[in-house]
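Dear colleague,

My notes on what was found in it follow below the structure itself.

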Amino acid sequence: MSKYVKFTSERVNGELTPFDGFAELNAYRRKLRELRLIGVDSVGIGFGNLSMRDGATKNFYITGSATAGIAELKPADCAKVVAYDFERNWIGYEGSTVPSSESLTHAAIYESDATVAAVIHCHDSGLWSVILNQALMRLFSVTDVRSKKTLAMAGHEGGVVTFGKDLEEAFTVLMDARKESAPCVNDTFRKRNPA
Ligand SMILES: [Zn+2]
């Protein structure tokens, strides 16, 4: 029996040293906030985060949890993830801000593809449902879901992740995906809300 393991984080080192991509991170974060892909929802809960790999290491810098409402980040609003354990749902970090539990999703992407150097996690319900439905159809062609007749859905409504060799690419991928999904989103919207 597997059981849910609560997310924990641990500050393994002291202060975060200033990092090279910080200005770029803030610039892309500003664009995402303007598009309301990162921010604070109607009940005051922040959503969305960005990260950048630290050189060729497995470490990465990520915006801190509960910083989504801040217009302009200071370096102290970021954390550097320097260790993680997927089974224990645990991360070790440097800095004075706690990285979010979603840091493990970023870690999984950096771990899986060495060419990825930037990850964006935002909330976009339209794009989310389009990707989810496409992934569902893919499951039938590439897995044994057809015979198992069972699947799991991650409970993260609206959550979208894009990545790339840098933030520019991750951002462009996100913008292109939104553009491409727009006809489907509008179509779904029309079906749900006939004029
Ligand atoms: Zn999220």
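This is a predicted model: local features need pLDDT of at least 70, side-chain atom pairs count only at pLDDT 80 or more; totals for chains, interfaces and linings use all residues.

Along the principal axes, the C-alpha trace spans about 55 × 45 × 35 Å.

Turning to the strands, you will find that 7 of them form an open sheet with mixed pairing, in the order E1-E7-E6-E5-E4-E8-E9. At its edges lie strand E1 (8–13) and strand E9 (159–164), each of which pairs on one side only. Neighbouring strands in this sheet are turned against each other by 30° on average, if direction is ignored. At one end of the order, strand E8, which covers residues 118–123, pairs with E9 in the antiparallel sense over 6 bridges, and His121 stands opposite Val161 in E9.

As for the interior, buried residues make up 30% of the 195 residues in the chain. The largest nonpolar core has 34 residues, and the members that touch the most others in it are Met52, Val81, Ala118, Ile120, Cys122, Leu167 and Ala170. If residues up to four places away in sequence are left out, Ala170 touches Ala118, Val119, Ile120, Thr162, Phe163 and Gly164. For the chain as a whole, if we take the contacts with a separation of 6 or more, 58% of them are between residues 24 or more positions apart.

Is Gly39 buried or partly exposed? A residue needs 20 or more C-beta neighbours within 10 Å to count as buried, and because Gly39 has 17 C-beta neighbours inside 10 Å, Gly39 counts as partly exposed. Again leaving out residues up to four places away in sequence, Gly39 touches Arg33, Phe47, Gly48 and Ala68. Thr115, by contrast, lies 76 residues from Gly39 along the chain, and the C-alpha atoms of the two are separated by 28 Å.

With kind regards

Key: Residues are numbered from 1 along each chain as its sequence is written. Two strands pair if DSSP finds at least two bridges between them. Helices (H or I, at least four residues) and strands (E, at least two) are DSSP runs, numbered from the N terminus. Axes are lines fitted to C-alpha atoms, for helices over the stretch in contact, and angles run from 0 to 180 degrees between N-to-C directions. A residue is buried if 20 or more other C-beta atoms lie within 10 Å of its own, exposed if 12 or fewer, and partly exposed in between; C-beta atoms are placed from the backbone. Two residues are in contact if their C-beta atoms, placed from the backbone, lie within 7 Å. A nonpolar core is a set of buried Ala, Val, Leu, Ile, Met, Phe, Trp, Tyr and Cys residues joined through C-beta atoms within 7 Å.
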